[in-house]
Amino acid sequence: MADVTLTIDNKQVTVPAGMLVVDAAKKAGIDIPVFCYHPKMEPAGMCRMCLVEVGRPMIDRATGKPVLDEKGEPKVQFMPKLETACTNPVSEGMVVKTQLTSERAKSGQKETVEFLLTSHPLDCPICDKGGECPLQNLTMEHGPGKSRFIFDEKQRLAKHVPLGELIWLDRERCIQCGRCIRFQDDVAGESVIGFDQRGRYTQIVTFSEPGFDSVFSGNTTDICPVGALTTADFRFGARPWELQAAPSICSQCPVGCNTVINTRREAKADGKIVIKRIMPRQNEQVNEIWLCDKGRFAHHHFASEDRLTKPLINKEDKLAKASWKSALDLASEKLSAAKKNLVVLASGRLSNEDLFNLKSLADMAGGKALLYSDMGGGALTTRVGVSAGFDLGKLGAGDAILVAASDLYEEAPIWWLRVKAAAERGATLIVANPRATKLDKHAKFVIRYSYGDEVTTIEDLKGKNKIADAFRKAENAVVFYGSEGVGLAGSASVAAAAAELLTEAGHVGKPNSGLIGVWGRANDQGAWEMGFETSDDLAEELKGKAVYIAGADPAGDDPALAKALKSAKFLVVQDISLTATAGLADVVLPAQAITEREGTFTSGDRRVQRFYPVLPVTGEARPDFAITSQLARGMNYILEGESPSIAFDYLTTEAKSFEGLHYAKLAETTEQWPLVGRGEVNYGGTSYENKHGLGAQLTSAAARGENYKLPAAKKVKSLRPKEGELLAVPVTKLYDQGTTVIPAALLAERIGEASVTLNPATAEELGAAAGELVKLSWNGSQSEVRVRTDESISTGVALVPRSFGMALREPVVASVKSAKKVK
């Protein structure tokens, strides 16, 4: 849009046409106080705090040109009443007088604060918002020194109202600004809270069951301008000014959300420094200023009682504490003797530096470096994945997004939020999934297919039809692919089909086009970039070998893998906690959590970002990359083990996609909009400003102009259950029973118990009603699960969530027997 020039407090400002006065003033460094307005949402003009004088040039109706005064300047006519700066777009020649130059505006704002305080409680000394509260700040700046209202006439309301198990409401503090409601309606697209009653009795209520049923609920506490909404995790836990803040990266999913971890030393924790809350840190190309509730609340595993503090050696089938020297000497001796029979198994929980050293060790020893993952196809994202310059926030009209075999809401909620926003900006959103997802209502095209027909469905988009034409003719196109209902081989085939679709349509090698994998862990993409591979038969790979496992718990996930590890020739496990896999090990090495060290992650959209130390080291734990270096030294190999930045420098010389990157580049920042931070809590909420780095994206083979080959997409043979049998398929659930989530007791209700989801007709046919316990059996395995029903699922299909102890990693034929009703 064309720029317009206006005057604010005698200062000329040039901004894009259509910008609101309040934002134009902010661009000029002038603060207009607000309560209800938030730059990420449409204005409502509810609180009237932003009242200003607005003058506009007088226009001659006959000529359509400004009327000029004696000096040849346009005549400016001010409205008789004050106007809201948050609802008025700028126009050419406009003149605005804020509280800095207008007594009328100053008086209007003072009276607004006075009315807001008529029934607001004096809770500041005990309020969670104290110290970062817009109402507190603006009362000090604009409020009266003494109230003209009678204290006994203050309204008394409920102060401890649970909107859900995660969010609490104090109705006395609420000023009815509507920010929380508009966030849920407009940004999250989940209208689960709203206003009830009218006038002075207006209050916030929840409409959903369970209460406040949204995975984005915690964001409402960040943007609430008072202490009305608080999280159950932080409520009455500490004062904001007591907290230390350290930047980090969320490790719960592949999005790579930027966070700040607030900590405090506490007497009740025996004087230890503990995490009090996780807050969003602004990165407009990643998570903007939002976090999902899993990333916000699932941090308690860092302080788990199962944390390893010293090395352990298996003596007479019991793990006993040992010195680092004895543990490393034994492990390096046995691994060195294995030579080509060494298997290194690592997960995407580890940093790039950790993975690089692990891969290097495997290569030096002539062994194998395997990624512990149920999803394949990652090598294709290094060839035709999104590349440097990608920003999901830039996709809109004329672009296309395909989400295939993935429920983004459950697998990567912030991507779901941003894909939804792109669709609202005009991007053609295509959702291809066997069952209904929350993204369907925002899509232009929804494709339903049967489980097993994933590849055929994607290949059909290369043909001649309306959906295929929309994808092919788009200026930019992105494909998100996942592992909905498929395993390792199936997801690899989905990736191959998607890569071929993008290549044939010419949507590779461009910044805002390419393939994105919706991985199960934060740094799976980093492992793929370094050349890790997966195995179709992991149990067979582990039998009889010397196995070195880092950051993974295969024995806890799958009894078949536990059996294979028991037959391993020698087992070294490196982890932060005493997992089931560690319990089988010959040597256990305690690793530092990401909160205790620095390093980098590579997100699913191939952005490399730094995380920083937050907490003191637990016991004698060491960084993973350092442990691997020390093991390598005992095997007569040299790997960097002192500095993560130097290890990263070595990585950039080995992996082409990382060329040109270094820690200093990853720490670079630029000004972002909207402005947030400790000095902008009135305007943007309590999200933190990003001062420690926006990261940098990798280049793809296509973007570098390299020749590459795409494998043919193999069509996986569809399973055909017989009468009385089910097609059981693995699906991902946001709140699972994984080792990083289950310690968060606050999420217990959201996690629930192991379940199987059936179509109501299928459940009735099997004699299993919703809520009953049944025995689900497949391939010699059996699990007791609770029945849930969903009409959007095809009959004859059973959805089995991953990471609930059921070890279902591929689609299988299963049966349900003997339902047992439980109250």
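Domain 3 and domain 4 of this chain bury about 840 Å² between them, 57% of it on carbon and sulfur atoms, where buried area is the accessible area (1.4 Å probe) that two parts lose on being put together, summed over both. In domain 3, the residues that lose the most area to domain 4 are Trp528, Asp605 and Arg606, which together make up 59% of what that side buries. The model is predicted, so that local features need pLDDT of at least 70 and side-chain atom pairs count only at pLDDT 80 or more, while totals for chains, interfaces and linings use all residues. Residues are numbered from 1 along each chain as its sequence is written, and side-chain values use heavy atoms, with hydrogens and water left out.

The two domains belong to a division of the chain into domain 1 (3–116), domain 2 (124–231), domain 3 (312–372 + 527–668), domain 4 (378–518) and domain 5 (726–822), with bounds that come from an automatic or database domain assignment. Taken over C-alpha atoms, the centres of domain 3 and domain 4 are separated by 32 Å. Nine residues of domain 3 are in contact with twelve residues of domain 4, contact meaning heavy atoms within 4.5 Å.

Between domain 3 and domain 4 the count of salt bridges is zero, a salt bridge being a side-chain nitrogen of Lys or Arg within 4 Å of a carboxyl oxygen of Asp or Glu. On the side of domain 3 that touches domain 4, the residues divide into one nonpolar, three polar and five charged; here Ala, Val, Leu, Ile, Met, Phe, Trp, Tyr, Cys and Pro count as nonpolar, Asp, Glu, Lys and Arg as charged, and the others, Gly among them, as polar.

The backbone also deserves a look. Most residues other than glycine have a negative phi, and most peptide bonds are trans. A cis peptide bond, however, joins Glu209 and Pro210, with omega about 5 degrees, and the peptide bond from Trp673 to Pro674 is cis as well, with omega near 5 degrees. Pro210 lies in the loop between β10 (203–206) and α5 (219–223), helices (H or I, at least four residues) and strands (E, at least two) being DSSP runs numbered from the N terminus.

Gln176, although not a glycine, has a positive phi of about 55 degrees, and its place is in the loop between β8 (167–169) and α4 (179–187). Ser803, not a glycine either, has a positive phi of about 60 degrees and is found in the loop between β34 (797–801) and β35 (812–820).
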